[in-house]
Amino acid sequence: MPSFTLRHTVAAGGVCTALLLAGCSSTTDDQVTATEANQVAVSDQWVKAADTGMSAAFAHLSNTGDQQVRIVSVSSPASTRMELHEIAAGPDGATTMREKQGGVTVAAHGTHSLAPGGDHLMLMDLSAPLTPGATTTFTLTFEDGSTTSFDAPVRDFSGNKENYDPAGGRDTAGGGTTVPAHGG
C-alpha cells in the first residue's frame, strides 16, 4: 500500500476511533436531562367504576428529586375531558369539588396523595363505562412539559358524594351550579 494512502487510512481510522469514543462517553447518568416527570413515582393507583358521566382516579405520588414538581394537566382515553381537582368548603360550608388552580405540587423528596375526599384526577365525560377489573391509562403533564403515564385498575367505590363547582370557587357570589359528584 503506498505511504500516502496508508497515512490517510490511519488518520481516518484515528478520527473514527475518537468520534466513537466521544459518542460512547457523552451520555452518562449524570448528564441525562432531568425532567419533572422522571422524578415522580406513581403507586397505589386506581379509578372509581362508573357507567356514565363522571368518575375520579386516585394514586400516591412520590417525588425523588431535589426540586418540587407541578402537575398541570391530566388526560386519559377513558374521558374526553379531565381536570385536576381538590375538595374545598363551599360558600354554604358543604364540601365541594372544583378544579385545583395552579395544578398539583409535590415537594422535593416529598409525597402527595390523590385520595377520596381530597385532591384527585377528575374524569368529566366518560368515553365508555369503567367496569371493575378493567384497567385504563392516565398521562400526567408537568410544568416543564414532560409527561409520565400509568395504568390504573378500575374498582367499585361508593364513598364521598361531593358536589361539583364548575366555577372553581371563583364565582362564589353567584352560587355556582353544582351537580351530583363522581363519588371521589
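Predicted model: local features only at pLDDT ≥ 70, side-chain atom pairs only at ≥ 80, totals over all residues.

Author: The side chain of Arg 98 meets that of Glu 86 in a salt bridge, with 3.0 Å from N to O. This pair links distant parts of the chain, since Glu 86 is in strand β4 and Arg 98 in strand β5 (residues 95-99), 12 residues apart. Glu 86 has 16% relative accessibility, so it counts as buried. The two residues also belong to a network of salt bridges that takes in Lys 100 and Asp 119.

In general, side chains of opposite charge can pair when their charged atoms come close. How many salt bridges does a search of the whole structure find? The search finds five. One of them joins the side chains of Glu 143 and Arg 70, at 3.6 Å from N to O. Glu 143 is in the loop between β9 and β10 while Arg 70 is in strand β3, so this bridge ties together parts that are 73 residues apart in sequence. Glu 143 is exposed, as its relative accessible area is 52%. Arg 70, with 21%, is partly exposed. In another bridge the side chains of Glu 83 and Arg 81 meet at 3.2 Å, N to O. Glu 83 is buried, with a relative accessible area of 11%, whereas Arg 81 is partly exposed at 38%.

The loop that holds Glu 143 is also the place of Ser 146, between β9 (135-142) and β10 (147-155). Ser 146 has a relative accessibility of 13% and therefore counts as buried. Its side chain is joined to that of Asp 144 by a polar contact of 2.5 Å. Beyond its neighbours within four places in sequence, Ser 146 is in contact with Thr 35, Glu 36, Ala 37, Leu 140 and Thr 141.

The largest nonpolar core has 26 residues, and Leu 121, Leu 123, Phe 138 and Leu 140 touch the most other members. At least two residues of this core come from each of β1 (40-48), β2 (55-63), β3 (69-75), β4 (82-89), β6, β8 (120-123), β9 and β10. Apart from it lies another core, of five residues, including Met 54, Ile 87, Met 97 and Met 124. As for Phe 138, its contacts outside four places in sequence include Val 47, Val 74, Met 82, Leu 121, Leu 123 and Phe 150.

The structure holds three aromatic pairs. In one of them the rings of Trp 46 and Phe 58 have centres 4.6 Å apart and planes at 40°, so the pair is tilted. Trp 46 is in strand β1 and Phe 58 in strand β2, so this pair ties together parts that are 12 residues apart in sequence. Trp 46 is buried, with a relative accessible area of 9%, and Phe 58 counts as buried at 1%. Trp 46 forms an edge-to-face pair with Phe 157, at 5.4 Å centre to centre and 70° between the planes. Phe 157 is in the loop between β10 and β11 (163-164), so its pairing with Trp 46 in strand β1 ties together parts that are 111 residues apart in sequence. At 28% relative accessibility Phe 157 counts as partly exposed. Trp 46, Phe 58 and Phe 157 form one aromatic cluster.

Strand β2 also contains Ser 62, which counts as partly exposed at 21% relative accessibility. Residues in contact with Ser 62, aside from those within four places in sequence, are Gln 39, Val 40, Ala 41, Gly 110 and Thr 111. Thr 111 is touched by Val 106 too, along with Leu 61, Asn 63, Gln 68, Val 69 and His 112. Val 106 lies in strand β6 (residues 104-106) and counts as buried, because its relative accessibility is 0%. The C-alpha atoms of Val 106 and Gln 68 are separated by 5.6 Å, although the residues are 38 apart along the chain.

Note on methods. Residues numbered from 1 in each chain as written. Heavy atoms only, no water. Helix = DSSP H or I, 4+ residues; strand = E, 2+ residues; numbered from the N terminus. Buried < 20%, exposed > 50% of the residue type's maximum accessible area, 1.4 Å probe, protein only. Polar contact = N/O pair within 3.5 Å; in protein donor to acceptor, adjacent residues only side chain to side chain. Contact = heavy atoms within 4.5 Å. Core = buried A, V, L, I, M, F, W, Y, C linked by side-chain atoms within 4.5 Å. Salt bridge = Lys/Arg side-chain N within 4 Å of Asp/Glu carboxyl O. Phe/Tyr/Trp six-rings, centres within 6.5 Å; stacked < 30°, edge-to-face > 60°.
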